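Subject: A structure for you to look at

Hello,

I am passing a structure on to you, with the sequence alongside. Have a look at it first, and then read on for what turned up.

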Amino acid sequence: KKDHETVVIAPAMGNKPCRAGKWRNRRRNAVPEHSRAPIWDTQREWMFGAGSDRRRRRQGVTSFDALDMVVDYVQDQYPNLDRIVVCGFSAGGQFVMRWSVMSPEGADGVTRHGNLPVRIIIGNPSTVLYLSPERPKKVCRPDEDAGQYHKCDEWYTPTDACDGKWDMYGAGLQGLHHGAGVSGTIRDQANEYLHGYLEEKKSWDVREALQKRFASKDVRFIFGSKDNTHCDDTFCSSECDAMMTGVNRLQRGLNYMGHLKRVLQDYKPKFSVFYGGHNNYAAFLSHDWVLWALPYKIQGYDVLDRVIKREGHEEKDYDSRYFAAWECMRRCNNAHDCHSFTYNPRSGHCDLFDTCVTDHSRMVPTWSEEAGDQTYFKSCKHHHSRLFEEGEVDDAGEGGGLPAWRRPGAMVLTAGGIAGAVVVAGTGAVVALRWLGRQQPMHGDGAARSLAADQEAPCVVEVE
């Protein structure tokens, strides 16, 4: 029996021939040696939902179908799952963004088969899929960084922008009516996938149906506060239809939040901005990502906007790397006399103290150099309480029962912009990468692990 178990699956969208023999383990029930992985020749193909093996003489599968199959697979392998979380970052964020609109999975917050809760988290995508022909006015996309508090309230419908293609599928929903598209193109294959599930045929009906279905899903976004490099100067789409939505990833993401609020009636987009740039490590260590993705709820801490004046005796400081707030909470819980800690969300550094803090403790003035720090504190009566409580995270704080072995608290599917996605392991968790019969268990301690740098995945090429 293992506590707090989370299984992470990282599908690899290979772009060169790969047989299962390179992935399989030594178990007798591994997939046959001759099995072949699907191939997408370009990053754009799998990001937009195209079929695999488009240049080969064998039946392919769309990347959307592939992810749907993974969702079905994990429900079959782990019949007692509490929920599934599908995550994507960068190129993976673009893929999961389009899949969240096009796929029937997650409608009404559950899977098609089994009615299992599904949450979708989209991180720092370079492009997004607009649900109406409207786009942000120029004032909403200034040719400079608008900051993390940027909002867009001014919209218009272009007439002939981008040679009239600003809203074609990939950027918008135009061209997704039944029978549209040129046979064999990316849009045609994505459209064929869509109408395998959607009854509506006409363009307007398709748009309305997709809007309604998307609004029923549990979709969340996460953006880096420093992911603000102009797309003309970095690996970020600078195509005409993308530039109409913003000049950098952060601006595009925040504009899209305004778009969703405008287009979907009574819809309140859920998003978070973490301190950092285009960095999957920082994103997956951020406080909100951990709360949204992992089967824990953080309990017993309150926070003051500024650091208190009298911090007390310092127990220990953590400044060797960027620490997420929840990591500092965990270390405070494990320290005998820690009742509070000072945390800097920009540097990710924290100092543990023995001070008993209350809501009425005096804070440093707003003009102080320490005003950017925060004080986290818990009741001194319960300073030995556990940080993580069994059950599921949600905004209402509702928890479930402790999952047993092969009853994971959550299944996190990650799609990253690099080969071997960043995965996160909870306390005592087992992280398993399963693709074509390969299984590699790792025991984690709550830290994020990147499998791309020193554990190169066979048959997978790094992408931007």
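Two strands count as paired if DSSP finds at least two bridges between them. Strands S10 and S12 (residues 349–353) pair in the antiparallel sense, over four bridges.

Before going further, please keep in mind that this is a predicted model. The protein chain has a mean pLDDT of 76, with 74% of its residues at 70 or more. Confidence is highest in strand S4 (residues 135–136), at a mean of 97, and lowest in strand S17 (residues 430–435), at 26. Two stretches call for some care. Over residues 382–409 the pLDDT stays under 50, and the model has 84 contacts beyond four places in sequence for them. Residues 416–464 are also below 50, with 144 contacts in the model beyond near neighbours in sequence.

Back to the sheet around S10 and S12. Five strands make up this open sheet, in the order S9-S13-S11-S12-S10, and the pairing is antiparallel. At its edges are S9 (302–304) and S10 (314–318), each of which pairs on one side only. On average, neighbouring strands are turned by 20° against each other, direction ignored. Helix H10 (residues 325–334) lies across S10, S11 (340–344), S12 and S13 (374–377), and runs at about 160° to S11.

Next, strand S3 (residues 118–123). Is this strand buried or exposed? Six of its six residues are buried, so S3 is largely enclosed by the rest of the structure. Both of its faces are covered: Val118, Ile120 and Ile122 are buried on one side, and Arg119, Ile121 and Gly123 on the other. S3 pairs with strand S2 (residues 84–89) in the parallel sense, over six bridges. Among these residues, Phe89 has Gly123 of S3 as its bridge partner.

Finally, a pair of helices. The axes of H2 (residues 63–77) and H3 (residues 91–102) come within 10 Å and cross at roughly 80°. Angles of 65 to 115 degrees count as roughly perpendicular, and H2 and H3 are therefore roughly perpendicular to each other. On the H2 side, the contact is made by Ser63, Phe64, Leu67, Asp68 and Val71, and on the H3 side by Phe95, Arg98, Trp99 and Met102. By class, that gives six nonpolar, one polar and two charged residues.

Technical notes. Residues numbered from 1 in each chain as written. Predicted model: local features only at pLDDT ≥ 70, side-chain atom pairs only at ≥ 80, totals over all residues. Heavy atoms only, no water. pLDDT = per-residue confidence, 0-100. Helix = DSSP H or I, 4+ residues; strand = E, 2+ residues; numbered from the N terminus. Contact = heavy atoms within 4.5 Å. Axes fitted to C-alpha atoms, helices over the stretch in contact; angles between N-to-C directions. Parallel < 35°, antiparallel > 145°, perpendicular 65-115°, else oblique. Nonpolar A, V, L, I, M, F, W, Y, C, P; charged D, E, K, R; others polar. Buried < 20%, exposed > 50% of the residue type's maximum accessible area, 1.4 Å probe, protein only.
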